[in-house]
Amino acid sequence: MMKTTTIVTLGILSTASAIGCTNFGQRDPVPPPTAFNPAGSEISQVSYEEEGVQRGQSPDAEDASGNSWWDPTGVGAKTLEVTGNTIENKTRAKQLFSQAERLYEQGMAAEGNERSSKLNEAAGLFKRAGVYAPDSTIEEDALMYSGECYFFLDNYPDATKQYDQLVKKYPNSKHLDAVGARRFKLARYWLDRHSKERSWAIQPNLTDEQLPLFDRFGNAIKLFDMIRLDDPTGDLADDATLAAANAHFREANFESADRFYTDLRENFPTSEHQFTAHYLGVVTKLKVYQGPEYDGKPLEEAEKLLIRIKRQFPDKTQENMQVIEKLDFDIRAAQAERLWQKAAFYDRRREYQGAYHYYAQVVDKFPSSNMADAAKERIAEIKGRPGSPTPPGEFLYSWLERKKDLPVPSQTPIENIATRPDDETDTR
């Protein structure tokens with residue numbers, strides 16, 4: 001009795017999953033004119049009808065409902081499908097696929113509840129067809145078209161799940177371009193919803209079928225990442241990389257944005273987005289740079305990128321000269337402040353040899369900056385003083401010596417450098 005109850009329960013669950021659920025969302029945010037099909041306006045690309053068998057006729061000993069004589073209710077067959085214990089049966093798979101095609105075409109032509117009902121049923125039949133023909137063209141098409149059913153039902157999480165299964169099992173699928181286009185569209189839609197309706201990543205979504213259960217921003221970035229990883233030579237790989245970088249930039253995730261911009265520059269050298277990746281890469285590295293007290297590597301990398309922009313994109317540089325000069329100004333201002341902080345550090349410690357070295361660099365590298373004049377004055381003041389610190393007991397009589405206050409650099413790097421360019425600006 002317990003075994004029979006289990007089989008019936010599994011059969012009911014399988015039937016419920018095949019029927020699907022009601023659509024709570026709106027239509028596709030930017031609905032295409034027809035369902036995806038490179039060859040035409042209908043879903044069918046390959047006919048899976050048996051020769052000599054008309055649509056609606058059974059090619060084997062099963063009736064028109066698809067149920068065998070030994071299982072008139074279909075519960076047993078569906079239970080085997082759910083548990084994965086079906087035997088390969090391409091004839092059955094072709095029959096289910098053909099039924100799903102008809103329902104899909106009817107659903108796309110219908111409206112309202114009828115549309116939802118037929119597309120849900122078609123999705124279930126496509127998935128069942130794939131179960132009976134593993135590792136075949138039928139299964140490959142079934143995964144794609146079941147995803148399409150969910151896509152046009154606005155059930156985007158289930159659609160992405162089917163697309164993911166397709167690419168995972170068939171990495172060189174003929175549908176790869178279409179899957180990439182769908183993923184790109186869904187990622188942009190989720191990002192748009194995220195920007196308009198802010199929510200925590202751990203906040204569950206229990207009402208909107210168009211959105212993932214958690215973290216719509218993270219899921220959108222994941223889709224962009226899968227586009228470029230699953231099809232790195234595809235037309236959308238560089239677009240997805242740039243879109244992910246820009247999304248992180250808008251969220252002020254500058255380190256993550258920098259990784260994507262770097263990836264775009266290095267792995268997509270022929271991309272039309274190269275100038276954008278270089279320019280925003282400079283901006284991002286300046287955002288990552290935390291100040292003179294921290295690591296100066298981002299500042300060095302920003303300077304190298306800016307030099308590369310001027311050499312590699314001379315036309316773009318001329319078109320955007322104002323912003324390029326502003327970036328150059330910011331970089332040099334930060335570099336000047338960095339040298340000044342080092343000089344002031346040694347100066348405070350009475351290590352005048354080190355202080356003299358960095359003050360001299362300020363004068364040499366930034367002769368037109370307002371800090372250069374202050375550095376020259378300080379160099380004159382410490383000239384002749386010992387390079388090493390004074391004896392430990394100096395504090396007992398230090399009050400007898402009048403000391404001058406050290407120049408303090410401004411908190412804003414841009415204020416630390418003169419507005420007039422130096423002689424090297426044009427050659428950088």
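Before the close-ups, one term: two residues are in contact when heavy atoms of theirs lie within 4.5 Å.

**Figure 1. Phe224 and its neighbours in the core.** Phe224 touches Phe184, Ala187, Arg188, Leu191, Ala240, Ala243 and Ala244, leaving out residues up to four places away in sequence. Together with Phe126, Phe224 has the most contacts inside the largest nonpolar core, a set of 60 residues. (A nonpolar core is made of buried Ala, Val, Leu, Ile, Met, Phe, Trp, Tyr and Cys residues joined through side-chain atoms within 4.5 Å; buried means under 20% relative accessible area, exposed over 50%, and partly exposed in between, with a 1.4 Å probe and protein chains only.) Apart from this core lies another one, of 15 residues, including Leu299 and Ile331.

A quick word on the model: it is predicted, so local features need pLDDT of at least 70 and side-chain atom pairs count only at pLDDT 80 or more, while totals for chains, interfaces and linings use all residues. Numbering starts from 1 along each chain as its sequence is written, and side-chain values use heavy atoms, with hydrogens and water left out.

**Figure 2. The whole chain at a glance.** The protein chain has 16 helices and zero strands. (These are DSSP runs numbered from the N terminus: helices are H or I with at least four residues, strands are E with at least two.) Of its 428 residues, 46% are buried. The chain exposes about 23600 Å², and carbon and sulfur atoms supply 52% of that. (Such areas come from the Shrake-Rupley method with a 1.4 Å probe; for residues, only the protein chains shown count as cover.)

**Figure 3. Helix H8 and its packing partners.** H8 covers residues 216-230 and reaches 21 Å from its first C-alpha to its last, close to the 21 Å expected at 1.5 Å a residue. (The expected span is 1.5 Å times one less than the number of residues.) Among its buried residues are Phe217, Ile221, Phe224 and Ile227. The buried residues of H8 pack against helices H6, H7, H9 and H10.

Figure 4. Asp225 pairs with Arg228, their closest N and O atoms being 2.7 Å apart. (A salt bridge puts a side-chain nitrogen of Lys or Arg within 4 Å of a carboxyl oxygen of Asp or Glu.) The two are separated by about one helical turn because they sit three residues apart in H8. Asp225 is partly exposed at 23% relative accessibility, and Arg228 is buried at 14%.

**Figure 5. Lys174 reaches Asp141.** This salt bridge has its closest N and O atoms 3.4 Å apart. Lys174 lies in the loop between H6 and H7 and Asp141 in helix H5, so the pair ties together parts that are 33 residues apart in sequence. Lys174 is partly exposed, at 43% relative accessible area, whereas Asp141 is buried at 2%.

**Figure 6. Arg378 and Glu381 in H16.** Their side chains meet in a salt bridge of 2.5 Å, N to O. Both belong to helix H16 and are three residues apart, about one turn of the helix. Arg378 is buried, with a relative accessible area of 7%, while Glu381 is partly exposed at 29%.

**Figure 7. His273 in its loop.** His273 is found in the loop between H10 and H11. This histidine is buried, with a relative accessible area of 14%. Setting aside neighbours within four places in sequence, His273 is in contact with Asp238, Asp239, Leu242 and Leu264.
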